[in-house]
Amino acid sequence: MPDYDYSLVDAAIIDTQSNTQRVLREVLARLGMKRAEAYGSVRDAVDMATAATPDLILLDIDGEEAEALRLIRRLRNEPDTRNPYACIVATTWQPTPLLVMRVTNAGADDLLVKPVSPKQVQDRLAALIESRKKFVVTADYTGPDRRKSPREGAQVPLLDAPNTLRLKATNRWAHINARQLMAEANHFVNEQKLLRISVQVAFLIEFAATGLTARPPERMAVDHLARVPAFLDDLLRRLDDLGEPGPAESVTKSLKMMAERLRLQAESGAVAAEEVERVRTLARDLMQAVDANRSLEAMMAEVAAAVTGYRARLEQMAQAKAEAARAATAVPAANGDAAKEAVGP
């Protein structure tokens, strides 16, 4: 294993247990890390994202799970984060499958099981330095690529995110322009967010379209339509950050107004088919305004494939749930029959 120099690395330890804080600081100190700030709660560390630029964050999940997951998402996605590409390692005493999924979906790099040893931490840091996963950007996620197999449909470009832990530990920090590196990565993320949000909005509207015209409108359709305005708000903010509002801004504002109006109509009754078609057309216009270089046919094919796949998964889940319910009712019935046979006529 290469001999890394951690003396310039800035670390943050967020843990509700003071003993664990102390152990982690000692472990990092043994590795040569001189700057490790400890926080007793997620609330205490909230300002860290904007006031400091840690290269490594060790974050306890057990004490404040919901708050910790929100912090990870904020660090990865909010525009005021100084280093959205910091290496984030969650820590836990009990890595249940559900917890692992939640940590991964929030955007953490890794999950470390307590109690930790210097060797465990050393190995994880080496992995982050040598073989950190590239970042993927979707409409509602930014972080290490979560897929273990190739993605279906349109290929989403991956980002070799700035790894300040690696740059400092390998003594390359003084030889690079960190500000430019961050700016280029942030520009890539913003552009990808615009593309993926426009496709996600079209997907939500396309999925909801049929259910909105039903009498009464389907609840799932209304719920999916209700998610659209939040995505559009994020898109508007990113357009402003890029300084390139143009036609996309006008279409986004019109689409948001229309989506909010349709949701209110659906809450009180069926929506006219013409209104649904108008919002679908606006969603297509938005995709074209955001990505003029890609054909509308290709984008609509991607949306249609996503809707078809999503409906298939929903149907599979419903069938599995129904089969589980039938199995659950069959067991008591079988037990009752067995009891009757045991008692006899």
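Modeller: A search of the whole structure finds 5 aromatic pairs. Rings of Phe, Tyr and Trp (its six-membered ring) pair if their centres lie within 6.5 Å; planes under 30 degrees apart are stacked, over 60 edge-to-face, and the rest tilted. Phe203 with Tyr310 is an edge-to-face pair, with 5.5 Å between centres and 65 degrees between planes.

Colleague: Which helices hold Phe203 and Tyr310?

Modeller: Phe203 lies in helix α8 (residues 178–212) and Tyr310 in helix α13 (residues 296–343), so the pair ties together parts 107 residues apart in sequence. Helices (H or I, at least four residues) and strands (E, at least two) are DSSP runs, numbered from the N terminus. Ring pairs also link Phe203, Phe207 and Tyr310 into a cluster.

Colleague: Before we go on, what kind of model is this?

Modeller: It is a predicted model: local features need pLDDT of at least 70 and side-chain atom pairs count only at pLDDT 80 or more, while totals for chains, interfaces and linings use all residues. Residues are numbered from 1 along each chain as its sequence is written, and side-chain values use heavy atoms, with hydrogens and water left out.

Colleague: Is Phe203 buried or exposed?

Modeller: Buried means under 20% relative accessible area, exposed over 50%, and partly exposed in between (1.4 Å probe, protein chains only). Phe203, at 10% relative accessibility, counts as buried. Of the chain's 345 residues, 43% count as buried.

Colleague: Where do charges sit over rings?

Modeller: The test is that NZ of Lys or CZ of Arg is within 6 Å of the ring centre and within 35 degrees of the ring normal. Arg146 has its charged end over the ring of Tyr141, 3.7 Å from the centre. For Lys168 over the ring of Trp173, the distance is 4.9 Å.

Colleague: And how many residues does the largest nonpolar core have?

Modeller: A nonpolar core is a set of buried Ala, Val, Leu, Ile, Met, Phe, Trp, Tyr and Cys residues joined through side-chain atoms within 4.5 Å. The largest has 42 residues, and those with the most contacts inside it include Val201, Ile205 and Leu212. Helix α8 gives the most to this core, with 12 residues. A second, separate core of 24 residues includes Ala11, Met33, Ala36 and Leu56.

Colleague: What is Leu212 in contact with?

Modeller: Contact means heavy atoms within 4.5 Å. Leaving aside neighbours within four places in sequence, the partners of Leu212 include Pro217, Leu225, Ala266 and Val276.
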